[in-house]
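This briefing concerns the structure shown below. The notes that follow are grouped by topic.

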Amino acid sequence: MTVGPGGADGWAAPGRAEPDPGPPAATGSWTGPAGSRDAEPPAYGVPAGWRGPGGWGDRPPDPKPGIVPLRPLAVGELLDGSFTCIRSYPRATLGLAAMVVTLTQVVQLLATLLLFHGTRTFDPTTVDGSVDAAAVIRFAAQVGSVALVAAVVSGLGTLVLTGMLTAVVGRAVLGQPVSMAQAWQAVRPALWRLAGVAMLTGLIVLAVLVGCLLPGLVLLVTGVARPAAVGLLVLGAGIGVGLAVATYVSLALATPAVVLERARVRAALGRSRLLVRGSWWRVFWVLVLAAVIAGVLGNILALPFTLLRGGTGSLLDPASLDASVPSLLLAAVGGIVAQTIVAPFQAGVRALLYVDRRMRAEGLDVVLTAAAGGAPPRPAGPGPAAGPGPGPAGPGW
């Protein structure tokens, strides 16, 4: 076990540092080919429930210093572990989420009010009744600038929040106390890499989708064989959506790799592909399930504010700005309340999914058990996803 400036190097990728193997346990766990724990052990050995003299049939309890046991996790444990992290570290999860979400909601609210006020007072016609093209261009530039600022602030807030929450979950796995300041210190050097991962992931997914649509678009624009162009466009859209989803899921664990392994952008994307490989469907359904739960939970939390908005003005009625302001305020407050709970939950599920994949494929549970002060249950061996480490270890345990 190597030791860095902040402690045991628990998050190093395979090839960076090998933990001390320690004595193998008498009732060692199934490791599968090359250390992989994705497969189930064969059904032979001591019959289930049988206890010999001195407790021969007893299975030692799984070490659980933090929010989840240090072994491959079931789907229910991934979801429950995220909620457990919120309950165990409310200030570092709910407090952090409330601060960041409030800032982004305030910026979006101001941008919406500014855009609405500009739309209400905008009149592109001149004295003689013609359209003033210069005024239209200036108004479009103003609208675009305000929308861009709001989008940038929202995107940066999401990046910072996701990164800091990932750092919180990384320490919560070992039951280590963590504050907002410590989470910020862990994420601050990785902000540009987090932004790079988010941008590059979006560009790759968009490129896959556009690439599938391009042949049909070319035929449709050139006017050659229009029926065939429409059919090719529909086919390309179906294939493109499927490939885009497959690509996104394959890159979904890049953010935890940046925060916990301090990997660079390309290395983090590669690490995500290696970890998801062989378990794509499981990762996909866990992400879908987390998104459904987050959507239902967010709607329930925002429901009271939605009902209150029913008695206020509507943005669709440009005749009354005063009546629309309460509606916007209630929508912002509802968004803050909902996202304060939903954002930590989704970030926690993704971080725990990353930990689970590394425990299954690379024996990370051995390293984390040793970092928590326990003896590793079995020697660690690189699994199918092992490869050269992308960079220094994670949060310096």
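What covers the buried residues of H6? The cover includes helix H5 (191-222), H8 and helix H9 (280-309). The model is predicted, and its 397 residues include 41% that count as buried.

**Overall architecture**

- The protein contains 11 helices and two strands.
- Read from the N terminus, its elements follow the order β-β-α-α-α-α-α-α-α-α-α-α-α.
- Among contacts in the protein with a separation of 6 or more, 74% join residues 24 or more positions apart.

**Confidence**

- The average pLDDT of the protein is 77, and 71% of the residues score at least 70.
- Helix H8 (residues 265-276) has the highest confidence, at 94, whereas strand E1 (residues 3-4) has the lowest, at a mean of 37.
- Residues 1-9 stay under 50 in pLDDT, and the model has 25 contacts for them beyond four places in sequence.
- The pLDDT is also below 50 over residues 375-397, a stretch with 94 contacts in the model beyond near neighbours in sequence.
- Where pLDDT is low, predicted coordinates should not be read in detail.

- Buried residues in H6 are Ala-229, Gly-236, Gly-240, Ala-244, Thr-247 and Val-249.
- Tyr-248 belongs to helix H6 (residues 226-250).
- Tyr-248 counts as partly exposed because its relative accessible area is 38%, a value between the 20% and 50% cut-offs.
- Not counting residues up to four places away in sequence, Tyr-248 touches Thr-201, Val-205 and Arg-350.
- A separation of 8.5 Å lies between the C-alpha atoms of Tyr-248 and Ile-204, which are 44 residues apart along the chain.

**The largest nonpolar core**

- The largest nonpolar core has 68 residues, and the members touching the most others are Ile-67, Tyr-89 and Leu-161.
- With 12 residues, helix H10 (residues 321-362) gives the most to this core.
- Ile-67 is in contact with Gly-81, Thr-84, Cys-85, Ser-88, Tyr-89, Val-169, Ala-172, Val-173 and Leu-352, leaving aside its neighbours within four places in sequence.

**Helix H1**

- Helix H1 (residues 75-88) comprises 14 residues and reaches 20 Å from its first C-alpha to its last, close to the 20 Å expected at 1.5 Å a residue.
- The buried residues in H1 are Leu-78, Leu-79, Gly-81, Ser-82, Thr-84, Cys-85 and Ile-86.
- An α-helix has 3.6 residues a turn, so residues three or four places apart point the same way.
- Gly-81, Thr-84 and Cys-85 are among the buried residues of H1, and these residues are also among the contacts of Ile-67.

**Thr-93 in helix H2**

- Thr-93 lies in helix H2, which covers residues 90-121.
- Thr-93 counts as buried because its relative accessible area is 2%, under the 20% cut-off.
- Leaving out residues up to four places away in sequence, Thr-93 touches Cys-85, Ile-86, Leu-165, Val-168 and Pro-344.
- Cys-85 and Ile-86, touched by Thr-93, are among the buried residues of H1.
- Cys-85 is also in contact with Ile-67.

How values were computed. Residues are numbered from 1 along each chain as its sequence is written. This is a predicted model: local features need pLDDT of at least 70, side-chain atom pairs count only at pLDDT 80 or more; totals for chains, interfaces and linings use all residues. Side-chain values use heavy atoms; hydrogens and water are left out. A nonpolar core is a set of buried Ala, Val, Leu, Ile, Met, Phe, Trp, Tyr and Cys residues joined through side-chain atoms within 4.5 Å. Buried means under 20% relative accessible area, exposed over 50%, partly exposed in between (1.4 Å probe, protein chains only). Helices (H or I, at least four residues) and strands (E, at least two) are DSSP runs, numbered from the N terminus. Contact means heavy atoms within 4.5 Å. The expected span of a helix is 1.5 Å times one less than its number of residues. pLDDT is the predictor's confidence in each residue, from 0 to 100.
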